[in-house]
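Me: I've got a model open and want a quick walk through it. Can we start with the terms?

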Amino acid sequence: MSHLIAVLPGDGIGPEITQQAVRVLEALGLPLTMETAPIGGAAYDAHGHPLPAQTLDLAKRSSAILFGAVGDWKYDSLARELRPEQAILGLRKELSLFANLRPAMLFPELANASSLKPEIVSGLDILILRELTGDIYFGQPRGLRTAGEGPFEGEREGFDTMRYAESEIRRIAKLGFEAAQKRNRKLCSVDKANVLETSQLWRDVVIEVSKDYPDVELSHMYVDNAAMQLVRAPREFDVIVTGNLFGDILSDEAAMLTGSIGMLPSASLNASSQGLYEPIHGSAPDIAGQNKANPLATILSAAMLLRYSLNEEAAAVRIENAVRKVLADGIRTGDIAEAGMQQVGTQEMGDAVLAAL
Ligand code: IPM
Ligand code: MG
C-alpha cells in the first residue's frame with residue numbers, strides 16, 4: 001500500500017527546502033505518493049485563501065504532511081483570517097494535531113554555532129512537547145470591543161481566553177511521560193500556576209497522570225523560571241511538556257541554544273499518528289529563491305515523518321545518518337558555515353545528503 005504525503009511548500013524559502021526533502025524521500029525506494037498543494041500566502045495569491053478547501057482536503061486524506069513555511073511581510077496588512085499564519089493554525093485545528101514535538105539538539109559538529117559557551121550547550125538534547133490545539137490560541141471568547149464601565153470605559157479593548165479542559169491536559173501529559181520513558185526519564189512540566197487558574201488545573205492533572213509513570217522523575221517549573229534555566233543550565237532538561245503559548249516561546253528559545261535554527265525539525269501529531277512535519281524556522285523571505293536556505297531542518301522533518309506517521313524507523317535513521325555524514329564532511333550552508341569549510345547552496349546540500357544516503 002502506498003502512503004499519501006501532502007507536500008505543502010508555502011512561502012519564502014518553503015518551496016526550495018521542501019523540494020530537497022522530497023528528493024530525499026523519493027530516493028528511499030518506499031511506496032510513497034506525493035501530492036503538492038498551495039498553502040499560506042502563495043495560496044492566498046492563487047485562490048484568495050491561505051488554506052483553500054482543496055489543500056485542506058488533501059491534508060485530511062494524507063498519512064502525513066510535509067510542510068515548508070508560511071508568511072511574508074507583504075501579507076501583514078490582510079485581515080487576520082486571511083493571513084498566511086491562519087493556514088498552519090487551521091491545519092492544526094482541523095486535523096486535531098495536538099502534540100507538537102520540538103527537539104532541540106546540538107549537533108557536535110556545530111557546537112561553535114551557539115551563542116552560549118560550548119561547555120554549557122555541548123551534548124544538549126531537549127525535547128519540547130508543546131500542546132498545540134488549545135490554550136489562549138483558540139480559547140473563546142476573543143476579540144476587540146469597546147470597554148464598558150470601569151477605568152477604561154470607552155477605550156478600545158482586546159481580549160483573549162486562556163483555557164484548557166482536563167482531557168486536553170491529560171493526553172499531552174501522557175505523551176510527555178511516554179517520551180521521557182524512551183529518553184532520560186525526566187519530565188519538566190512548565191506552567192504559571194502561581195498566577196493562572198488554567199495553569200493550576202494543568203499542574204493538578206499532570207500530577208494525577210504521573211501516578212501511572214513512577215519511573216519518570218516529574219518536576220514543575222514556572223514559565224519565567226524555565227526561560228531562565230534554559231539559558232543557565234539547559235542540559236538539566238530532558239523532556240519539557242507545556243501549553244500552547246508557553247511552548248511557542250520556550251521552543252524558540254531552546255532552538256536558539258543550538259545556534260542552528262536551520263537544523264531543527266518538528267512534528268505535530270494527532271491521536272491517529274497523522275502528522276504535519278515542518279522545519280521550525282520560518283519562511284525567510286529575504287533569502288527566498290536564492291539557493292541559500294539550509295534544507296536540513298526540512299530533510300530531518302522528513303525523517304520524523306517516516307518515524308512517527310509511517311512507522312519507517314530504519315528509513316528515518318538512514319536520513320539522520322546521512323545528515324550527520326554531510327556535517328562531518330564539513331559541508332555547510334551559509335547559516336552554519338565556519339571558516340575553511342565548503343559552503344554550498346540549498347540544491348547542493350540536497351545533493352550531498354542524497355550522495356550520503
Ligand atoms: C510556531 C509559529 C506559529 C505559532 C505562528 C506562525 C502562528 O510561531 O509554529 O511556533 O505561534 O504557533
Ligand atoms: Mg513560534
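Reply: Buried means under 20% relative accessible area, exposed means over 50%, and partly exposed is in between (1.4 Å probe, protein chains only). This is a predicted model, where local features need pLDDT of at least 70, side-chain atom pairs count only at pLDDT 80 or more, and totals for chains, interfaces and linings use all residues. Residues are numbered from 1 along each chain as its sequence is written, chains are lettered from A and ligands numbered from 1 in the order written, and side-chain values use heavy atoms, without hydrogens and water.

Me: Tyrosine 277: buried or exposed?

Reply: Tyrosine 277 counts as buried because its relative accessible area is 0%.

Me: Which strand is tyrosine 277 in?

Reply: Strand E12. Strands (E, at least two residues) and helices (H or I, at least four) are DSSP runs, numbered from the N terminus.

Me: What is tyrosine 277 in contact with?

Reply: Leaving aside neighbours within four places in sequence, its contacts include Ile65, Leu66, Phe67, Leu269, Met304 and Tyr308. Contact means heavy atoms within 4.5 Å. Methionine 304 is 27 residues away in sequence, yet 7.2 Å away in space, C-alpha to C-alpha.

Me: And which residue stands opposite tyrosine 277?

Reply: Leucine 66. E3 and E12 pair in the parallel sense over three bridges. Two strands pair if DSSP finds at least two bridges between them.

Me: What is the strand order in the sheet?

Reply: E2-E1-E3-E12-E11-E4-E5-E10-E8-E9. The sheet is open, has 10 strands and shows mixed pairing. Its edge strands are E2 (32–36) and E9 (217–222), each pairing on one side only.

Me: Switching to helices. At what angle do H1 and H10 pack?

Reply: About 45 degrees, with the axes 8 Å apart. H1 spans residues 14–26 and H10 spans 296–308. Axes are lines fitted to C-alpha atoms, for helices over the stretch in contact, and angles run from 0 to 180 degrees between N-to-C directions.

Me: Which residues make the contact?

Reply: From H1, Ile17, Thr18, Gln20, Ala21, Val24 and Leu25. From H10, Thr298, Ile299, Ala302 and Leu306.

Me: Last one. Which residues of H4 are buried?

Reply: In H4 (residues 85–94), Ala87, Ile88, Leu89, Gly90, Leu91 and Arg92 are buried. Their cover includes helix H3 (53–61) and strands E1 (3–10), E3 (64–69), E4 (99–105), E5 (125–131) and E12 (275–279). Just after H4, serine 96 takes a positive phi of about 50 degrees.
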